[in-house]
Amino acid sequence: MASNADFVQYIADQCSGAGEIVTKKMFGDYGVYCNGKIFGLICDDRLYIKPTEAGRALLRTVDLQPPYDGAKPYFYIPDVDDRDHLSALVRETCQALPEPKPKKKK
């Protein structure tokens, strides 16, 4: 089941306090980026954030789940309605993630 475009936009809006949020359609679901860095996935209308120690410290409940079959576990974020908390979680997660590798020129 693919994610609803309205839900994807809602997540982008909720995370926008962390920086420039962009969603990209990937394999029927969405990757979520903040300031050019991928930090999460939206699969089947559920938000998953890459696990980091900084993110773990901010979570109210740690729930690691794979977003799709065969994926590594991500933090599943059931409460997406607290905009300030979600933005803080995204901001801290992105600071802990490595910079994206530059794309090779073709």
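Modeller: Start with burial. Buried means under 20% relative accessible area, exposed over 50%, and partly exposed in between, with a 1.4 Å probe and protein chains only. Now a case: Asp45 counts as partly exposed, at 27% relative accessibility.

Colleague: What kind of model is this, and how are the residues numbered?

Modeller: This is a predicted model with residues numbered from 1 along each chain as its sequence is written, where local features need pLDDT of at least 70, side-chain atom pairs count only at pLDDT 80 or more, and totals for chains, interfaces and linings use all residues. Side-chain values use heavy atoms, with hydrogens and water left out.

Colleague: How many helices and strands does the protein chain have?

Modeller: Elements are DSSP runs, numbered from the N terminus: helices are H or I with at least four residues, strands are E with at least two. Here the protein chain has three helices and six strands. Their order from the N terminus is α-β-β-β-β-α-β-β-α.

Colleague: Why is the protein chain called as compact as a globular protein of that length?

Modeller: The radius of gyration is taken over C-alpha atoms, and the globule rule is 2.2 Å times the number of residues to the power 0.38. The protein chain has a radius of gyration of 13 Å, close to the 13 Å that the rule gives for 106 residues, so it is as compact as a globular protein of that length. Its C-alpha atoms fill a box of roughly 45 × 30 × 25 Å along the principal axes. Buried residues are 40% of the 106.

Colleague: Where does Asp45 lie?

Modeller: Asp45 is in the loop between strand S3 (37-43) and strand S4 (46-49). Look at backbone angles too. Most residues other than glycine have a negative phi. Asp45 has a positive phi of about 60° although it is not a glycine. Phe27, also not a glycine, has a positive phi of about 55°.

Colleague: Is Phe27 buried or exposed?

Modeller: Phe27 counts as exposed, because its relative accessibility is 84%. It sits in the loop between strand S1 (21-26) and strand S2 (29-34).

Colleague: Now contacts. Which residues does Arg60 touch, leaving aside its neighbours within four places in sequence?

Modeller: Contact means heavy atoms within 4.5 Å. With those neighbours set aside, Arg60 is in contact with Asp79, Asp82 and His85. Arg60 lies in the loop between helix H2 (53-58) and strand S5 (64-65). Arg60 is exposed, at 54% relative accessible area. From Arg60 to His85 is 25 residues in sequence and 9.8 Å in space, C-alpha to C-alpha.

Colleague: His85 belongs to which helix, and is it buried or exposed?

Modeller: His85 is one of the buried residues in H3; others among them are Leu86, Leu89 and Val90. Helix H3 (residues 83-96) has 14 residues. The expected span of a helix is 1.5 Å times one less than its number of residues. H3 reaches 20 Å from its first C-alpha to its last, close to the 20 Å expected.

Colleague: And Tyr74: buried or exposed?

Modeller: Tyr74 is buried, with a relative accessible area of 15%. It is found in strand S6 (residues 74-77). Leaving aside neighbours within four places in sequence, its contacts include Gly40, Leu41, Tyr48, Ile49, Leu64 and Pro67. The C-alpha atoms of Tyr74 and Arg60 are separated by 15 Å, at 14 residues apart along the chain.

Colleague: What share of the contacts joins residues 24 or more positions apart?

Modeller: Count contacts in the protein chain with a separation of 6 or more; residues 24 or more positions apart account for 54% of them.
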